[in-house]
Amino acid sequence: MTILETERTILRPFTPDDAEEVYAYCKDPRVGPIAGWKPHESVEESREIICTVFSEPNVFAVVERKTGRVVGSAGFTAARGAAGVKSLELGYSLSPDCWGQGLMPEAAAELLRYGFQELGLEEIWCTHYQENHRSRRVIEKSGFQYAFTENLKDEFFPERPTCFYFITREMWEKRGK
């Protein structure tokens, strides 16, 4: 079981016991829609997400050190990288009461280290919907380079511009980690 630590967060696997804390931030309509999913409607729905989506390898609960509370999620999913290149996509969400505190850039920095040093990735991708300026700032602070914008749609939301970014291991190493 992988546990990653930063100065103010612990990134650890989710457990079904996290459902109430996940629901507390995932029911907020400011969180899901800007990340591509509908707000959670119940603790049971959050528990189901924990047991399916959040149970994938390299997906972590973002735990605030000072409170011990689950305040977000962060981790890797399949990426659209070039054929033959070992790459994953970084995704994340965070409770609105933690926005603007630098917790997600801190967690993202540790996930980049983990991805390049421990998973042996060659590149990491990250996306945000064009209107999601907070996510754009996390991506920029993390050293990703803009690649392109494409209109995407999913089962919950109409087509909308999605901005794609990447960072290679070499780019990350040059930043001084």
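E5 and E6 run side by side as a parallel pair held by four bridges (strands pair if DSSP finds at least two bridges between them).

A word on what you're looking at. This is a predicted model, in which local features need pLDDT of at least 70 and side-chain atom pairs count only at pLDDT 80 or more, while totals for chains, interfaces and linings use all residues. Residues are numbered from 1 along each chain as its sequence is written, and side-chain values use heavy atoms, with hydrogens and water left out.

Zooming out, the protein chain holds six helices and eight strands. Both kinds of element are DSSP runs numbered from the N terminus, with helices (H or I) of at least four residues and strands (E) of at least two. In sequence order they read β-β-α-α-α-β-β-β-α-β-α-β-β-α. With a radius of gyration of 15 Å against the 16 Å that the globule rule gives for 177 residues, the chain is as compact as a globular protein of that length. That radius is taken over C-alpha atoms, and the rule is 2.2 Å times the number of residues to the power 0.38. The C-alpha trace spans about 40 × 35 × 30 Å along its principal axes.

The eight strands form an open sheet with mixed pairing, in the order E1-E2-E3-E4-E5-E6-E8-E7. E1 (4-5) and E7 (145-152) sit at the edges with a single partner strand each, so one side of each has no neighbour in the sheet. Two helices lie across strands of this sheet. H1 (residues 19-26) lies across E4 and E5, at about 85° to E4. H4 lies across E1, E2 (9-12), E3, E4, E5, E6 and E8, at about 40° to E4. Angles run from 0 to 180 degrees between N-to-C directions, using axes fitted to C-alpha atoms, for helices over the stretch in contact.

Now for the inside. Buried residues (under 20% relative accessible area, with exposed over 50% and partly exposed in between, using a 1.4 Å probe and protein chains only) make up 45% of the 177 residues. A nonpolar core is a set of buried Ala, Val, Leu, Ile, Met, Phe, Trp, Tyr and Cys residues joined through side-chain atoms within 4.5 Å. The largest one has 30 residues, and those with the most contacts inside it include Phe76, Leu90, Met104 and Phe144. Among the elements giving two or more residues to this core are E4 (69-78), E5 (87-94), H4 (103-118) and E6 (123-129). H4 gives the most, with eight residues. A second, separate core of twelve residues includes Phe14, Val22, Val59 and Val63.

Leu90 touches, among others, Phe76, Leu111, Ile124 and Phe144, leaving aside residues up to four places away in sequence; contact here means heavy atoms within 4.5 Å.

| Residue | Relative accessibility | C-alpha to C-alpha distance |
|---|---|---|
| Val53 | 47% | Thr77, 9.8 Å |
| Cys51 | 43% | Ile3, 18 Å |

Val53 is in the loop between H3 (43-51) and E3, while Cys51 belongs to helix H3.
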